[in-house]
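Here are my notes for a first look at this model. Please read them with the structure open.

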Amino acid sequence: MADKTLDTLFHETLKDIYYAERKIGTALRKMARAAQNPDLKSAFETHEQETQAQYERLTEVFEMIGKRPQGKTCDAIEGIISEAQEIMDEFKGSPALDAGLLAAAQAVEHYEISRYGTLKSWAAQLGMNDAVSVLDQTLQEESATDEKLTALAESVVNEAAQQGKAA
C-alpha cells in the first residue's frame with residue numbers, strides 16, 4: 001500500500017478523464033445530430049471542438065509527468081453517456097428531447113468540472129505548476145460551457161419542452 005500515493009491517484013484520475021474526453025467527443029457529435037434547437041446543436045458542436053483541444057492538453061499533462069498517455073475505462077462517463085443515449089432513443093422527435101439532451105450534457109459538464117477541479121488541486125499539492133495551468137484552462141472552459149447550457153435551458157429549451165413544441 002505504500003506505493004499508493006497522491007501522485008499515483010493523480011495519474012489514475014488523469015487516465016480516467018483522458019478516456020472520458022474521448023467518449024465525450026463521440027457523444028457530443030451524436031447529441032448535435034439529435035438536437036432540434038439550432039443553438040443547442042451549435043453549442044454541442046462547439047464543445048466537441050473544445051473537447052478535442054482538451055484531450056490534447058491532457059496529452060501534454062501526461063508528458064509533463066513523464067507518463068505515456070493512456071486511458072482507463074471511466075464507468076461514470078459510460079453511465080452518463082448511456083443515459084444520454086436513452087434520452088435520444090426515448091424522446092426522439094418529441095418537444096422534450098432538447099431539454100433531456102441539455103440535461104445530459106450538463107451531467108457531463110458537472111462530472112468534468114469535478115474531475116478537472118480535483119486534478120488541478122492535486123497538481124498544485126504535488127508542485128506540478130505547469131500542469132495546474134493547463135488543467136485550469138480546461139476547468140474554465142468546462143465551467144463556461146455549463147453556464148452557456150444553463151442560459152440556453154432557462155431562456156428557450158425548457159419552456160419549449162413545457163409548451164410541447166420544438167425549441
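1. Start with a term. A nonpolar core is a set of buried Ala, Val, Leu, Ile, Met, Phe, Trp, Tyr and Cys residues joined through side-chain atoms within 4.5 Å. Buried means under 20% relative accessible area, exposed means over 50%, and partly exposed is in between (1.4 Å probe, protein chains only).

2. Basis. This is a predicted model, in which local features need pLDDT of at least 70, side-chain atom pairs count only at pLDDT 80 or more, and totals for chains, interfaces and linings use all residues. Residues are numbered from 1 along each chain as its sequence is written, and side-chain values use heavy atoms, with hydrogens and water left out.

3. The core. The largest nonpolar core has 45 residues. Phe10, Met31, Leu40, Phe44, Ile77, Leu101 and Leu135 have the most contacts inside it. At least two residues each come from α1 (6-34), α2 (38-64), α3 (75-90), α4 and α5 (129-163). The largest share is from α4, with 12 residues. Helices here are DSSP runs (H or I, at least four residues), numbered from the N terminus.

4. Helix α4. Just after α4, glycine 127 takes a positive phi of about 75°.

5. Leucine 101. Setting aside residues up to four places away in sequence, leucine 101 touches Met31, Ala34, Ala35, Leu40, Phe44, Ile87 and Met88. Contact means heavy atoms within 4.5 Å.

6. α1 against α4. The two pack at about 160°, with axes 10 Å apart. Axes are lines fitted to C-alpha atoms, for helices over the stretch in contact, and angles run from 0 to 180 degrees between N-to-C directions. α1 and α4 are therefore roughly antiparallel (over 145 degrees).

7. α1 against α3. Here the angle is about 10°, and the axes are 10 Å apart. α1 and α3 are therefore roughly parallel (under 35 degrees). Among the residues that meet are Tyr19, Ile24 and Met31 in α1, and Ile77, Ile81 and Gln85 in α3.

8. Is threonine 51 buried or exposed? Threonine 51 lies in α2 and is buried, at 2% relative accessibility. Leaving aside neighbours within four places in sequence, threonine 51 contacts Glu21, Ile24, Gly25 and Leu28. Glutamine 85, in α3, is partly exposed at 29%.

How values were computed:
Parallel < 35°, antiparallel > 145°, perpendicular 65-115°, else oblique.
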